[in-house]
Amino acid sequence: MTPELSKSMQMVAPGMQRERPIVLHVDDDIASLMMAEGALEDAGFDVIQAADGQEAIERFKEHEPDLIIMDAVMPVMDGFEAISTIRELSIGAHVPILMITGLDDLDSITRAYDIGATDFLTKPINFFILPHRVQYMLRSKLTADALRSSQSKLDNAQRIARLGNWDWCLCTNELSWSREFGRILGVEEGAGIATWAEFINCIEEPDRTNVRLLSEQSVEEKLPFNVEFSVVSRFDDSVRRIRLEAEPHAQESGEWAYMLGTIQDITERTNAQKQIHNLAYYDLVTGLPNRAQLTEQLRYTLKSSKRNDTKFAVLFLDLDHFKQVNDTLGHDAGDDLLLQVANRLTSVVRESDMISSNDNDPESQHTVARLGGDEFVVLLGVINRVEDAARVAERIAQSISVPYDIGSSTVTVTTTIGISVYPADGDDTESMMKSADVAMYHAKESGRNGYQFYSRDIHEQALSRFSLEADLRSAIENKELTLAFQPKVEMSTGRLAGVEALTRWTHPERGLMNPGEFIPLAEETGLIIELGRWVLRESCKQMQLWIEAGWPPMTIAVNCSSVQFTKSDVIEDINEAIQYSGLDPRLLEIELTESLLLQDGEKGIQILSDMKALGIQTSIDDFGTGFSSLSYLKRLPVDKLKIDQSFVKDLDKDSGDAAIVTAIITLSHNLNLTVVAEGVETQEQFDILRGFKCNEAQGYLISYPLDIEQFSLWLDSYREQILQKVSGL
Amino acid sequence: MTVSIDENALKAIAALQRPGKPDLLTRIVGLFKSESPKTIASMLEGIDSADMEAVRVAAHTLKSSSAYVGALELSERCKELERAAHDQNFPACMALGDSVEDLFQGSVNALDQRISKAA
């Protein structure tokens, strides 16, 4: 490349013009060349000349002129052929060409335009006009250059920004778009997407419906909108994330005619954001959430626990002797161990999901996180009881202590766990973490591979209830449970009306335990279901044995817990007990508390009806303590009401209680229900109740709960006792 | 043959004269005188050999160059000749070709007179 040429190439950069533009004049008529030369040079052009098409091409390549004046008819190579050749050169595609033709030669003019001439001039040439024409053509060329350059810059800018633009005509629904728009969606120009509807169809659901609704709304309200969505590129089937911006535009007449907008491919940015988020919130070695993510989750959990008044626990743990693994087997082995530990923690926590009361609530989710080094935290989002945390801790300790295969070695590590429980051990994220951490150090002091609650009280409570739970479980198996019977009498006659079966537990260490000490625990743990079945079966069997022994038939009342009511098929259990014992179902009475029935009214009515269908009797226990609606009570298919002992206790002193008792009795009689007074301890109480026409009484005055032998003795002598008590009748 | 020269054409050439450059009119007329005989020769040769394309190209060239120097009669004759050649009208070409040389000579004489008068 000659220096001159490189200079001239530099000069024809887009939007620039030589100080003296170069005009190539091609004509076989030397006189014409000569005359034009003067006129053009005067007007500020440099002129180069050629006598035929062949020479013109040579001169063109050599000088890259800014404009060509080309005669049509010439020897060697005519103007048409020369123009065709020049237009095919990369440097000749856009150079303006002025064709010189005969005045009356219309064919030549048409042909000249067809092959790429810019303009024409007829012979004889007016050499005074010629420079003006050339000047004008150069100016148009500059404008065209600028436009081309601007288009190319815009196209490049769109390509670099991965941003395409579109406009949507609201009248025709037609959609036109830039090249980059097509590249982003993977469609060729002039193919595929010609209307707004076709564009919408490229979008994946559920985004598609969303974009359609938003665009309809935007058209309706004349407001701009933006939205993000996913498409599958038709080029390579890759999923692209797209951000769309749109705004409605009015015509000059003021009508809303266009929607203009852009789409931008933000796939990489979205991915990068995800990656940044992962780096910021997840541990690279184990993939577990890191401290930052844990803190966030902890904050959620705190908020949720405060709002719902629930408990949660933080388990802080580290690995005992982890440092030795790292030192002896190397860091890769250490990382491998951490990963395996993470997996075990995750699966223990996943298996413990049933302790969460609402699994679907993201705020109460359990989280396993790695704080760094060999420190992990397990956040139990919701626990019902502190023992739940203890149970998970125990499972973790057990799971972690199973030997690990690390490369060719087998490694054993143990863990020590500190537990803090909300709200007892802290009311913010920091104090909860700190308490768990402190608890872990206490645990270490008292020997590794164990767990410790932050609060001594909670620790003891958890341990005690934990062991009591285990004991209760074995009590059922080991037959440490026994039944006690408390008789009820008919007040008007003194006749024995029936007995209520009560459960007793003789604990191997704690001795005899009352229902109040272990029934709530049995209910919390669900052991009540099994316990309830046992009580039902044994009570029915005992009554049947007495009857078979020749005793007069009487009803046996068995209490039913709300847990049995809601979480097991109590009808099935009752049926089974009746089958097993052979007891006449009419002699079985099920006692339900008022509050139990209030929990789910319709279900309560259903179950009571089912009981009636079995032929058994039903009674409402502790009546007066709940808030039964009277209309509901009327619908309940029950036989008896038992007045709560709290009303009976001060019956002789408190006129208010007397009024309530009278009211209950009157109400019951109106509803054809039998009324039983509980907790009758004195003769005064008995007399007052009898005066109120209460039907039956139960309490220490008649008898304490008795075991089987005591009850047999009591039964033998009850006639005389009762006869004496009711002798004033 | 007396041929008239269009003064406007000559004035136009004079107007294109730039200061300090060789006299444009002299050069153009000189070119006309030296180049045209070759063109006329190829034109006549074309007529002799019935090569209409050669006749057309030559007539086209001479049509322009004569017009520039104001030899309008010659230019008009060449235009007719170009048309006839284009239409493959051989008899017309023969008839028109006869007078071209004379018209050229007359135009040259008139130009010479005009230039010497101006000098």
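Let me begin with an open sheet of 5 strands in chain A, ordered β2-β1-β3-β4-β5 and paired in parallel. Two strands are said to pair if DSSP finds at least two bridges between them. The edges of this sheet are β2 (46–50) and β5 (119–122) of chain A, each of which pairs on one side only. Neighbouring strands are turned against each other by 20 degrees on average, direction ignored. For angles, axes are lines fitted to C-alpha atoms, for helices over the stretch in contact, and the values run from 0 to 180 degrees between N-to-C directions.

Before I continue, a word on provenance. This is a predicted model, in which local features need pLDDT of at least 70 and side-chain atom pairs count only at pLDDT 80 or more, while totals for chains, interfaces and linings use all residues. Residues are numbered from 1 along each chain as its sequence is written, and chains are lettered from A and ligands numbered from 1 in the order in which they are written.

Returning to the sheet, strand β1 (residues 22–26) and strand β3 (residues 67–71) of chain A pair in the parallel sense over 4 bridges. Within that pairing, A:L24 stands opposite A:I68 in β3(A). Helix α3 (residues 53–63) of chain A packs on the sheet and touches β1, β2 and β3 of chain A, with its direction at about 170 degrees to that of β1(A). Contact means that the C-beta atoms of two residues, placed from the backbone, lie within 7 Å. Helix α5 (residues 106–114) of chain A lies across β4 (97–101) and β5 of chain A, running at about 165 degrees to β4(A).

Which residues of helix α4 (residues 79–88) of chain A are buried? They are A:G79, A:F80, A:A82, A:I83 and A:I86. A residue counts as buried if 20 or more other C-beta atoms lie within 10 Å of its own, as exposed if 12 or fewer do, and as partly exposed in between, with C-beta atoms placed from the backbone. Seen down the axis of α4(A), the buried residues fall within an arc of 160 degrees, so they line one face of the helix; the arc is that of the directions from the helix axis to the C-beta atoms. These residues pack against β1, α3, β3, β4 and α5 of chain A.

I turn now to strand β22 (residues 588–593) of chain A. Because 6 of its 6 residues are buried, this strand is largely enclosed by the rest of the structure. In a regular strand the side chains alternate between the two faces of the sheet. Here A:L588, A:I590 and A:L592 point one way, A:E589, A:E591 and A:T593 point the other way, and all are buried. Strand β21 (residues 555–559) of chain A runs parallel to β22(A) and is joined to it by 4 bridges, with A:A557 opposite A:E589. Strand β23 (residues 617–623) of chain A is also parallel to β22(A), joined by 5 bridges, and in β23(A) A:S619 is the bridge partner of A:E591.

Another open sheet of 5 strands in chain A has the order β12-β13-β11-β16-β17, with mixed pairing. Its edge strands are β12 (367–372) and β17 (451–453) of chain A. Strand β11 (residues 311–320) and strand β13 (residues 375–383) of chain A run antiparallel, joined by 7 bridges. Helix α13 (residues 331–351) of chain A packs on this sheet, touching β11, β12 and β13 of chain A, at about 155 degrees to β12(A).

As for the whole chains, chain A comes to 27 helices and 26 strands, and 37% of its 729 residues count as buried. Chain B has 5 helices and 0 strands, and 39% of its 119 residues count as buried.

How many residues of chain A are in contact with chain B? The answer is 15, facing 17 residues of chain B. That side of chain A divides into 9 nonpolar, 2 polar and 4 charged residues. In this classification Ala, Val, Leu, Ile, Met, Phe, Trp, Tyr, Cys and Pro are nonpolar, Asp, Glu, Lys and Arg are charged, and the others, Gly among them, are polar.

Finally, confidence. The model scores ipTM 0.81 and pTM 0.46.

Note on methods: Helix = DSSP H or I, 4+ residues; strand = E, 2+ residues; numbered from the N terminus.
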